[in-house]
Amino acid sequence: MIDGHPVTLEGLAHVLAAQGTFTVVARGRSARDALAIAERHRPDLIILDLAIPGNAISAISEVAACYPGIGIVIFTAAPGVDYAVNAMEAGARGYVSKSCLPVEIVGAAKAVATGNTYISQNFAGEVITALRNASVRRIAMQALRLSAREDQIVQFLLGGKTNKEIASQLGITERTVKHYMTVLMQKLNARNRVEVVIAAQKLRHGPAGQPDLVLGSQGSGDSSFRFDGRSSLS
């Protein structure tokens with residue numbers, strides 16, 4: 001694991017090791033350490049803070065290029081969209097705020113270790129919209145997950161149904177439909193129902209066979225680890 005703060009390293013190692021599915025194989029404090037750990041241990045996962053000595057983005061890019069089998073999760077106190085975009089385009093597959101609950105960093109670790117992508121729910125929509133790399137954006141959009149009810153609402157929207165008609169079809173109130181519309185606009189980073197429909201169409205017609213994007217809620221540090229149903233971290 002890699003983080004500039006020893007207490008953070010210790011806490012993160014404890015949280016992940018307690019799951020029984022992760023094995024911490026190495027720890028470091030800098031971008032140089034991240035590269036050395038990737039080369040020496042070839043872990044399944046590296047959890048990395050951006051605020052470490054050296055160029056974290058360059059390290060992410062080099063690890064992703066040289067060791068594509070290593071999943072990279074950013075666990076940072078820098079939740080800005082630009083930071084997330086730079087990290088994801090460099091090759092990271094997870095981005096989690098250090099303000100999250102332990103359960104979220106565990107969820108992110110498991111998602112990335114099994115080949116998926118994870119972005120904290122509170123700014124996932126903004127990150128997807130801001131991604132400058134079209135192929136990365138398509139992967140993220142294709143895997144954006146809606147709840148069963150949200151998906152039902154989207155299907156009716158694609159069919160041109162009004163809120164009243166949707167409420168009648170689903171046996172819920174029109175006010176409830178409006179609530180789901182608000183949630184969908186937030187998830188899809190849309191300003192109105194027309195943009196929700198456009199975003200939903202992109203979700204349905206994006207490229208198949210891409211990794212899933214798992215949207216989460218809210219941790220700290222740099223780690224690399226292996227997931228074996230157990231997993232190795234450094």
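**A walk through the model, from D3 onwards**

Okay, let's start at D3, which lies in the segment before helix 1. Before going on: this is a predicted model, so local features need pLDDT of at least 70 and side-chain atom pairs count only at pLDDT 80 or more, while totals for chains, interfaces and linings use all residues. Residues are numbered from 1 along each chain as its sequence is written, and side-chain values use heavy atoms, with hydrogens and water left out.

Back to D3. Is D3 buried or exposed? D3 is buried, with a relative accessible area of 0%. By buried I mean under 20% relative accessible area, with exposed being over 50% and partly exposed in between, using a 1.4 Å probe and protein chains only. The D3 side chain reaches the backbone nitrogen of H5 at 2.8 Å.

Next comes helix 1, residues 6-17. Helices here are DSSP runs of H or I with at least four residues, strands are runs of E with at least two, and both are numbered from the N terminus. Helix 1 has 12 residues and reaches 16 Å from first C-alpha to last, close to the 16 Å expected at 1.5 Å a residue; that expected span is 1.5 Å times one less than the number of residues. Which residues of helix 1 are buried? They are T8, L9, L12, A13 and L16. These cover an arc of only 130° around the axis, which puts them on the same side of helix 1. The arc is taken from the directions from the helix axis to the C-beta atoms. An α-helix has 3.6 residues a turn, so residues three or four places apart point the same way. On the face turned away from the buried side, helix 1 carries the exposed residues P6, V7 and H14.

Now the inside. The largest nonpolar core has 29 residues, and L48, I60, I74 and Y95 have the most contacts inside it. A nonpolar core is a set of buried Ala, Val, Leu, Ile, Met, Phe, Trp, Tyr and Cys residues joined through side-chain atoms within 4.5 Å. Among the elements giving two or more residues to this core are helix 2 (31-41), strand 3 (71-76) and helix 6 (121-130). Apart from it lies another core, of 19 residues, including F22 and Y118. As for I74, leaving aside neighbours within four places in sequence, its contacts (heavy atoms within 4.5 Å) include L48, I60, A87 and Y95.

Then there's D49, in the loop between strand 2 and helix 3. An unreviewed UniProt entry places the feature "modified residue: 4-aspartylphosphate" at D49. D49 is buried too, at 3% relative accessible area, and its side chain reaches the backbone nitrogen of A51 at 3.2 Å.

What does the side chain of S120 make a polar contact with? With the side chain of E104, at 2.9 Å. S120 is found in strand 5, residues 117-120, and counts as buried at 1% relative accessibility.

Last stop, helix 8, residues 148-158, where E150, I153, V154, F156 and L157 are buried. They cover an arc of only 160° around the axis, which puts them on the same side of helix 8. Just after helix 8, G160 takes a positive phi of about 80°. And V194, found in helix 11 (residues 193-205), is exposed, with a relative accessible area of 52%. The C-alpha atoms of V194 and L158 are separated by 9.7 Å, though the two are 36 residues apart along the chain.

Notes:
UniProt positions renumbered as here; feature names shortened; annotations may be inferred. Polar contact = N/O pair within 3.5 Å; in protein donor to acceptor, adjacent residues only side chain to side chain.
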